[in-house]
Amino acid sequence: MPMIVPLPRGMFRLVTKTVCAPIALLALFLCSPVHSYAATDVLTIPMEDTKEASWNLEADKLVTLSDNTIVEAQGGVVLQRGNDILKADFARYYSATNWVYLKGNVFVRMGKDDIHSDEAEFDLHSKTGWLTNGHVFMEGPHIYFSGSRIIKHWGDRYTFNKAKVTTCDGTSPAWSMNAEQAVVEIDGYAQLFHSTFDVKNTGIFYSPFMVLPAKTTRQSGLLPPDYGISDKRGFYYTQPYFWAIDESHDMTFYGGWMTKIGPSLSVEYRANEFTDQKTWLAATGIYDKDTVAIPGTSRVSENKQTLRTNNDRYWLRGMADGFLGASTWRYRSNIDYVSDQDFLREFNQGPTGFDRTRDNLFRMFGRDLQEDDQNRVSAALVSNDWQRVGIVASMRYEQDPALGHGNRAQSQDELVQRLPQLDLFLYKGRIVPQIPLELEAQFQSGYMYRASGTTGGRTEIYPKLSVPLDFGFGSVIGTVGLRQTYYNTDRKEHTSPLAMYMDNSASPRQTGESRTMIDMDIQGYTEASRIWQLGDESSIPLKPENAGKQMWTAVRHEIQPRIRYSRTPHVDQEKNPFYLMEDRILPRDELTYSITNIVTRKGSIVSVTGEGDKQEARRSTFYQDLLRWRIESGYDFEEARRDRYRDEYGRRPFMDIVSDFEIYPWPWLGYHDKTYFSAYDGQVTRHDHDINLRYKDKISWYTGMSFRDKYYDYRKKFQYENWNNVQLTSDLRLIHNDLTINLTPEWSIRFDDYRNMRQGGTFGKTYDQSIDIAYSAQCYRIIGRYNYDGYDKSYSIMVELPGIFD
């Protein structure tokens, strides 16, 4: 048994009465100036404050000196109290001052992280002291701090002399930051004075003062810079600074310079208090030393005939979702406003560019921005729901970025602004519970404002009645709707020349006051299925050693035929105001029919719960859609009656045959395509497909293609009276490839490419392309990147230092 050795009365008070007899016998030996004890001896050192736990000293050999005021320990020294622990080859404890001296393979844990050194001294009461030739390892961010002398202050604060900071393992780090002095607060920040950034042992650059994060949680500090060379921007550099306001709010500031353009400043604010309460706002300002005074000289397009006379350029954007106070009223808003028509395409790269902003907003809110060459849309709404009733109050502003700055004046803006708009919804439900008659309705009223053109109020009521019938072998649903629209026009003019599909010179003055339209829809549906058994799940014994084993036990094939007839009669609407596309509803009279095949696999897998002797094997069932294939076609009665443009394109009432096919036979392969075949000549009028391939962690490849014949949507466009407004698109064949290859555990390459094979010769015209070559080591990552966005080519090298710059 180890011996409990009490020290003199002046050092502590005895707290354990049950050991009084052994202590009395040991006191006889303590009268001599020197005593030593066996290798298994343990020394208990209570503190003066009886509320604190005692320190336990354990060593191969314990010796008392100087009238028992000093205790020396040799070999395997361990001094421990709770989670605090000190280890060394040799230790000397001074009872008068409560100090301990440690030497040889010193290990200290006082707080959150581990310290190693050659020798050290500590005050066991305040837990302050010093170490020589020591280093601290922070496990969370994986950072090493070392110094020739380390002073431990109260708490988790240290001062390092001749400091070295790195995230690299080993005695010869690939990179490090060396400083004359460093002040480090664990889970805080490290302040480096007179520091250099070294690669191996060679200094690369010097900084008189630097602050680095030393946290395992969110922290303020510098983020990795974005820099490189661009054809249009020259050399560019952007330095972000991240400010962690608290756990739910932060801001990022960006300062940058482009040698061919000028300075840029950006600020980004994020708040995410909980899932449904979040905000993301950003603003970017650029002073551009150049303008576009001559049409066709824009950086982004030589064919663009617009001007840009402004040097001050900016972009405001953001989204916000949440609740109004503690109520059930929800709000949702989008902000998207830009200084000119070229900004988003010119500056779509980088941490504040259009592409990164779009990804951030979609990831956070699930909503997208308009494409970078489209009008910008800002909107806000407040909504609420009560069982079958919903209400939405909103406003919407659409900006044409090409107005102003040398182009048409803002006073000529013909875009419609909905300021404000109210929507009421009655959700579908039975009128009388016992009768299969369902009612749904929508009410919409708003003021449609234009700076130039027809303006006024627009109100619409749209109730629909449905009759769902279930016959056991199938279902039939019939629906009829009545759309009643009222116009209270303030300013009556011709249709806006910018309105889609309309011709101002040929259209009448917009004096209409109302519109009544009826639509109907009836569809029938049934299904049949069969199951094939593949194997018995009991063939895999229910044992812990079979954990993870699985097998397919059954396959289900389901067939779903569907038929649908839809009709919306023609109503003359040309005298009505044209605010929205819903103000020109086209006639519809078509029958469609389809059949869908679904193949689903059923599997069984063995899993294990518990640990050790209490492990228990369980069997669970899972399902996977292996194949889905829908074939659809139809007959268009409206097309069969068409007389317009028959010389340009003959009647084709039989609709294209649509094949919508997807299959996922293995985890590493997925395929989906949607193809439209003409029922008349068998030609493909529209096609989309994508393939996903993955081989372990070595290769991942996505490839997709989109094809459009210029007549693929002629049925819709041929209903307009003016041939100039038909706007048939040219042939299109877009191909997208995204290939990642991990050549070795360190080296990888990624190739991402969009191109139109109908332009640019054999290999098509590139719209967007990037190539990344990356080298990943334990404590750093280097990425070389080439990027072409259709307007600008750029080259950059990025260095990532995990734990320092993530």
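Where pLDDT is low, the predicted coordinates should not be read in detail.

This is a predicted model, in which local features need pLDDT of at least 70, side-chain atom pairs count only at pLDDT 80 or more, and totals for chains, interfaces and linings use all residues. Residues are numbered from 1 along each chain as its sequence is written, and side-chain values use heavy atoms, with hydrogens and water left out.

**The whole chain**

Now show the whole chain and colour by pLDDT. The mean pLDDT is 86, and 89% of the residues reach 70 or more. Residues 1-34 have pLDDT below 50, and this stretch has 46 contacts in the model beyond near neighbours in sequence.

Switch to a cartoon view. The chain has 5 helices and 42 strands; helices (H or I, at least four residues) and strands (E, at least two) are DSSP runs, numbered from the N terminus. Of the 806 residues, 42% count as buried. Buried means under 20% relative accessible area, exposed means over 50%, and partly exposed lies in between (1.4 Å probe, protein chains only). Among contacts with a separation of 6 or more, 50% are between residues 24 or more positions apart.

Accessible areas come from the Shrake-Rupley method with a 1.4 Å probe; for residues, only the protein chains shown count as cover.

**A nonpolar patch**

Keep the surface on and select Ile431, Val432, Ile435, Leu465, Val480, Leu482, Ile518, Met520 and Ile522. These residues form a nonpolar patch with about 710 Å² of accessible area together. Patches are made of residues with over 30% relative accessible area and no salt bridge: like charges are joined within 9 Å, and nonpolar side chains (Val, Leu, Ile, Met, Phe, Trp, Tyr) within 5 Å.

Which strand gives the most to the nonpolar patch? Strand 29 does, with 3 residues. Strand 28 (475-491) and strand 29 (514-525) each supply at least two residues. Click on Leu482, which is in strand 28. Leu482 is partly exposed, at 38% relative accessibility.

**Strand 24**

Select Ser394, in strand 24 (residues 389-399). Is Ser394 buried or exposed? Ser394 is buried, with a relative accessible area of 17%. Leaving aside residues up to four places away in sequence, Ser394 touches Ala380, Leu381, Pro420 and Gln421.

Next, show the side chains of Arg396 and Glu398. They form a salt bridge, with the closest N and O atoms 3.3 Å apart. A salt bridge is a side-chain nitrogen of Lys or Arg within 4 Å of a carboxyl oxygen of Asp or Glu. Arg396 is partly exposed at 25% relative accessible area, whereas Glu398 is buried at 16%. By the salt-bridge rule the count comes to 47.

Select Glu574 and Arg584. Their salt bridge has its closest N and O atoms 4.0 Å apart. Both residues lie in the loop between strand 31 (550-568) and strand 32 (588-609), so the pair ties together parts that are 10 residues apart in sequence. Glu574 is partly exposed at 26% relative accessibility, while Arg584 is buried at 7%.

Move on to Asn597, in strand 32. Asn597 is buried, with a relative accessible area of 17%. Its side chain makes a polar contact with the side chain of His557 at 3.0 Å. A polar contact is a pair of N or O atoms within 3.5 Å; within protein, one must be able to donate a hydrogen and the other to accept it, and residues adjacent in sequence count only if both atoms are side-chain atoms. Beyond four places in sequence, Asn597 touches residues including Glu558, Leu627 and Trp629.

Ile595 is also in strand 32. Ile595 is partly exposed, at 34% relative accessible area. Its C-alpha atom is 8.3 Å from that of Trp629, 34 residues apart along the chain. Among the residues that Ile595 touches beyond four places in sequence are Ile559, Pro561 and Trp629.

**Last stops**

Select Arg641 and Glu638, whose side chains meet in a salt bridge (3.2 Å, N to O). Arg641 is partly exposed at 46% relative accessibility, and Glu638 is partly exposed at 23%. Finally, select Asp288, Asp290, Arg299, Arg308, Arg313, Asp340 and Glu346: salt bridges that share partners join these residues into one network.

Definitions and conventions: Contact means heavy atoms within 4.5 Å. pLDDT is the predictor's confidence in each residue, from 0 to 100.
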